[in-house]
Amino acid sequence: MTTAALLAALEQGCLYGIMALGVYITFRVLDFPDLTVDGSLPLGAAVAAVAISSGIDPYSAMVLAGAAGFMAGACTALLHTRLGILGLLASILTMIALYSVNIRIMDGPNRTLLGQPTFLDDLETLGLPLYQVTPWAMAALVLVIACGLIWFLRTEYGQAMLATGDNPAMIRALGVNTDRVLLMGVGLSNALVALCGAVVAQNQGSADVTMGVGTIVAGLASVILGETVVGAATVSRACIAVIIGSILYRIAIALALSIHIGPWSLSPSDLNLVTAILVVLAMTSPRLTRRRSS
Amino acid sequence: MISIRGIQKWFHRGTPQEVHALRGVDLEVAPGDFITIIGSNGAGKSTMLSCIAGALSIDAGSIHFHDTDVTSWPEYRRAGLVARVFQDPLRGTFGGGTIAQNLALALRRGAPRGLRPGVRRHELAFFQERLATLGLGLEHRLHDRVALLSGGQRQALTMVMATLRRPELLLLDEHTAALDPKTAAHILELTERTVAEHGITTLMVTHNMAHAIALGNRLVMMHHGRIVLETRGAEKAALTVTALLDRFHDLNAASDRMILS
Ligand SMILES: Nc1ncnc2c1ncn2[C@@H]1O[C@H](COP(=O)(O)OP(=O)(O)O)[C@@H](O)[C@H]1O
Ligand SMILES: [Mg+2]
């Protein structure tokens with residue numbers, strides 16, 4: 001792999017690491033597999049794109065995107081806790097609904113940000129070429145968010161959230177309204193995913209209603225790869241593992257795409273297949289190695 | 001004073017699987033009472049405790065703590081009043097968390113949870129002091145994950161968690177039944193000691209008649225969703241296991257006759 005390709009993988013890995021941290025909250029902390037993210041990533045992108053093109057500054061636009069993501073997650077949680085719909089199905093319903101909502105927001109299937117101000121403009125003022133600065137800016141962003149998440153999970157509320165995913169009956173008996181915690185957790189998760197979408201839209205210069213396809217699989221791949229390679233003994237280790245997993249995932253994708261066997265090679269549309277295989281491998285590799293060693 | 005009046009509870013009401021689990025249970029619990037509860041399987045003992053804790057809603061009757069009607073309070077709202085220990089040691093603790101994290105969660109039972117640190121440094125000494133009374137060495141393992149502990153250690157920890165913040169009412173549901181005899185004896189001794197030390201009002205379900213007679217100041221026997229026997233004081237102290245078993249057999253014979261006729 002070339003340095004440029006590695007830098008690109010670092011950039012993508014850190015950028016989508018924000019989303020993967022969101023997936024970590026639902027999948028690992030709350031034990032609530034949530035497919036809403038396939039809709040909330042483009043939701044964040046759409047909200048940010050529309051906000052920026054109507055003159056709102058990029059940072060406020062990202063806050064709006066996060067708020068929209070929170071509401072999407074809250075929707076899924078309420079479908080589950082208030083209406084008793086199975087969690088996974090509730091999240092699929094929200095995801096499907098978001099497809100229509102996103103097109104409404106953008107007034108079409110996509111929205112360009114060409115010629116609009118983005119937060120990347122502020123990076124340009126550093127005087128270095130953007131392709132060199134962006135990866136480190138993304139790394140700084142995802143690290144700040146990870147530190148925030150680690151801090152949160154160590155607070156009283158964060159501890160209650162961890163316990164809600166682990167033993168809801170016990171934490172309810174200790175006075176925690178687990179329905180409310182689930183709402184906050186799934187909301188927070190989707191806020192991060194939507195924030196990620198808002199950053200992606202500015203980074204690639206457009207928002208597109210299909211950009212969320214496969215988000216959950218990429219997020220799971222990152223979480224599981226990270227756990228397999230780094231481990232998840234403590235909350236801070238698990239959060240750092242998610243980011244490293246996300247970077248490794250992007251490297252694996254880049255490597256897969258660079259495979260050429262004669263005239264045959266993988267195309268970007270094969271990525272979801274590659275990702276699915278990667279998740280299966282990462283999920284079963286601990287078992288495989290255990291079987292071999294026993 | 002905790003007043004339980006006329007509680008009725010159905011499961012799957014109006015379906016072919018309908019179970020009338022509680023058929024009008026009345027119980028007045030005075031402060032400091034330690035009531036042991038016995039009864040055959042399916043008598044409704046666990047259901048009654050779940051109704052008192054609010055984990056199950058009741059179909060008729062009322063539950064008052066002092067003068068507060070808590071009948072419609074959800075479980076998490078009653079948590080400030082009630083602490084509970086189950087038969088299964090895994091149910092009372094959060095395995096992914098450390099001993100200190102579990103105790104900190106229990107210390108805030110019934111209190112709102114905010115963005116302050118989940119475990120505070122100055123609390124650790126208090127946790128160690130309470131754990132030391134167990135004599136299991138857990139006070140040196142504050143930062144170990146609870147999932148690493150044995151069932152007996154977890155149940156001992158659950159007992160500490162239940163009483164870390166003194167509850168108005170402690171509910172114990174066969175909390176020694178899943179443990180080996182030696183550990184069970186230890187947990188039982190711990191129960192007696194903690195309840196006496198802090199003067200905690202307690203309801204303890206047990207299938208061990210000898211324990212039911214030896215512990216507490218009152219004894220209640222349940223059968224088919226009703227309280228069928230209540231003794232206290234000297235009358236309770238004079239009970240024997242044989243007398244209780246005879247009582248059981250009479251009840252079962254009576255209900256068998258009912259079914260046959
Ligand atoms: N969640 C439930 N759903 C349906 N029936 C239940 C449920 N819990 C208990 N029951 C039934 O209610 C009756 C009382 O059960 P329980 O309170 O567990 O008895 P005990 O603890 O005295 O052995 C039993 O007939 C039991 O099958
Ligand atoms: Mg029972």
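Predicted model: local features only at pLDDT ≥ 70, side-chain atom pairs only at ≥ 80, totals over all residues.
Guide: Of what the side of chain A buries, 33% belongs together to Glu156(A), Gln159(A) and Leu174(A), which lose the most area to chain B.

Visitor: How much area do chain A and chain B bury between them?

Guide: The two chains bury about 2000 Å² between them, and 57% of it lies on carbon and sulfur atoms. The interface of chain A and chain B also holds 16 residue pairs in polar contact, and the count of salt bridges between these chains is two.

Visitor: Why is the pair of Glu156(A) and Arg120(B) called a salt bridge?

Guide: The side chains of Glu156(A) and Arg120(B) meet at 2.3 Å, N to O, and a salt bridge asks for a side-chain nitrogen of Lys or Arg within 4 Å of a carboxyl oxygen of Asp or Glu, so the pair qualifies. In general, side chains of opposite charge can pair when their charged atoms come close.

Visitor: What is the distance between the closest N and O atoms of Arg232(B) and Glu230(B), and how do you know that they form a salt bridge?

Guide: The closest N and O atoms of Arg232(B) and Glu230(B) are 4.0 Å apart, and the cut-off is within 4 Å, so this pair is counted as a salt bridge.

Visitor: Are Arg108(B) and Glu123(B), which form another salt bridge, buried or exposed?

Guide: Arg108(B) has a relative accessible area of 7% and Glu123(B) one of 5%, and buried means under 20%, so both count as buried. The closest N and O atoms of Arg108(B) and Glu123(B) are 3.2 Å apart. Salt bridges that share partners join Glu156(A), Arg108(B), Arg120(B) and Glu123(B) into one network.

Visitor: Which parts of chain B does the salt bridge of Glu28(B) and Arg5(B) tie together?

Guide: The closest N and O atoms of Glu28(B) and Arg5(B) are 3.6 Å apart. Glu28(B) lies in strand E2 (residues 19–29) and Arg5(B) in strand E1 (residues 2–11), so the pair ties together parts of chain B that are 23 residues apart in sequence.

Visitor: What makes strand E9 (residues 218–223) of chain B mostly covered?

Guide: Six of the six residues of E9(B) are buried: Arg218(B), Val220(B) and Met222(B) lie on one side, with Leu219(B), Met221(B) and His223(B) on the other. E9(B) pairs in the parallel sense with strand E3 (residues 34–39) of chain B over five bridges, and in the antiparallel sense with strand E10 (residues 226–232) of chain B over six bridges.

Visitor: Why is Val242(A) called buried?

Guide: Val242(A), found in helix H11 (residues 235–257) of chain A, has a relative accessibility of 1%, which is under the cut-off of 20%, and therefore Val242(A) counts as buried. Among the residues that Val242(A) touches are Gly17(A), Tyr24(A) and Val223(A).

Methods:
Residues numbered from 1 in each chain as written. Chains lettered and ligands numbered in written order. Heavy atoms only, no water. Helix = DSSP H or I, 4+ residues; strand = E, 2+ residues; numbered from the N terminus. Buried < 20%, exposed > 50% of the residue type's maximum accessible area, 1.4 Å probe, protein only. Contact = heavy atoms within 4.5 Å. Pairing = 2+ DSSP bridges. Buried area = accessible area lost by both parts, 1.4 Å probe. Polar contact = N/O pair within 3.5 Å; in protein donor to acceptor, adjacent residues only side chain to side chain. Lists of a residue's contacts leave out its neighbours within four places in sequence.
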